[in-house]
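Here is a short report on one protein model. Look at the picture first, then read on.

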Amino acid sequence: MAVRWARARIVARPPIFRAMPARLSAIAFLLASVAAAQPVAPALSAQAEVSLLTMLPGDEVYALFGHSAFRIADPALGLD
């Protein structure tokens with residue numbers, strides 16, 4: 001019994017896929033550099049006050065359980 005081997009047909013990838021690794025590397029580099037360029041928040045002074053604000057539940061779906069928020073006020077930094 002003879003075994004027949006089929007020849008693999010090599011299909012050239014379209015040009016857009018040939019440059020894909022280089023494009024992905026460039027995008028990753030740009031995202032990493034943007035993330036590293038974010039400003040660092042200043043340290044709060046001793047006069048800073050942190051408050052927890054809570055609102056009552058509402059009638060809308062997004063407000064059924066109420067809303068909570070943090071408020072940070074620091075007069076030394078002009079932050080509110």
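I72 is partly exposed, at 36% relative accessibility. The scale behind that label is simple: buried means under 20% relative accessible area, exposed means over 50%, and partly exposed lies in between (1.4 Å probe, protein chains only). I72 sits in strand β2.

This is a predicted model, in which local features need pLDDT of at least 70, side-chain atom pairs count only at pLDDT 80 or more, and totals for chains, interfaces and linings use all residues. Residues are numbered from 1 along each chain as its sequence is written, and side-chain values use heavy atoms, with hydrogens and water left out.

**The overall plan**

The protein has two helices and two strands. Along the sequence they run α-α-β-β. Helices (H or I, at least four residues) and strands (E, at least two) are DSSP runs, numbered from the N terminus. The protein has 80 residues, and 5% of them are buried. Accessible areas come from the Shrake-Rupley method with a 1.4 Å probe; for residues, only the protein chains shown count as cover.

**A nonpolar patch**

I72 also belongs to a nonpolar surface patch of about 690 Å². Patches are made of residues with over 30% relative accessible area and no salt bridge; nonpolar side chains (Val, Leu, Ile, Met, Phe, Trp, Tyr) are joined within 5 Å, like charges within 9 Å.

**Charged residues**

Side chains of opposite charge can pair when their charged atoms come close. How many salt bridges does the structure hold? It holds one. R71 pairs with D80, and their closest N and O atoms are 3.0 Å apart. A salt bridge is a side-chain nitrogen of Lys or Arg within 4 Å of a carboxyl oxygen of Asp or Glu.

D74 has no salt bridge, although it is buried. The nearest side chain of opposite charge is R71, 11 Å away. Lys and Arg count as positive, Asp and Glu as negative; His and the chain ends are not counted. D74 lies in the segment after β2 (67-73). Beyond four places in sequence, D74 touches L44, S45, Q47, A48 and L79. Contact means heavy atoms within 4.5 Å.

| Residue | Relative accessible area | Class |
|---|---|---|
| R71 | 36% | partly exposed |
| D80 | 67% | exposed |
| S33 | 33% | partly exposed |

S33 is in helix α2 (residues 20-36).
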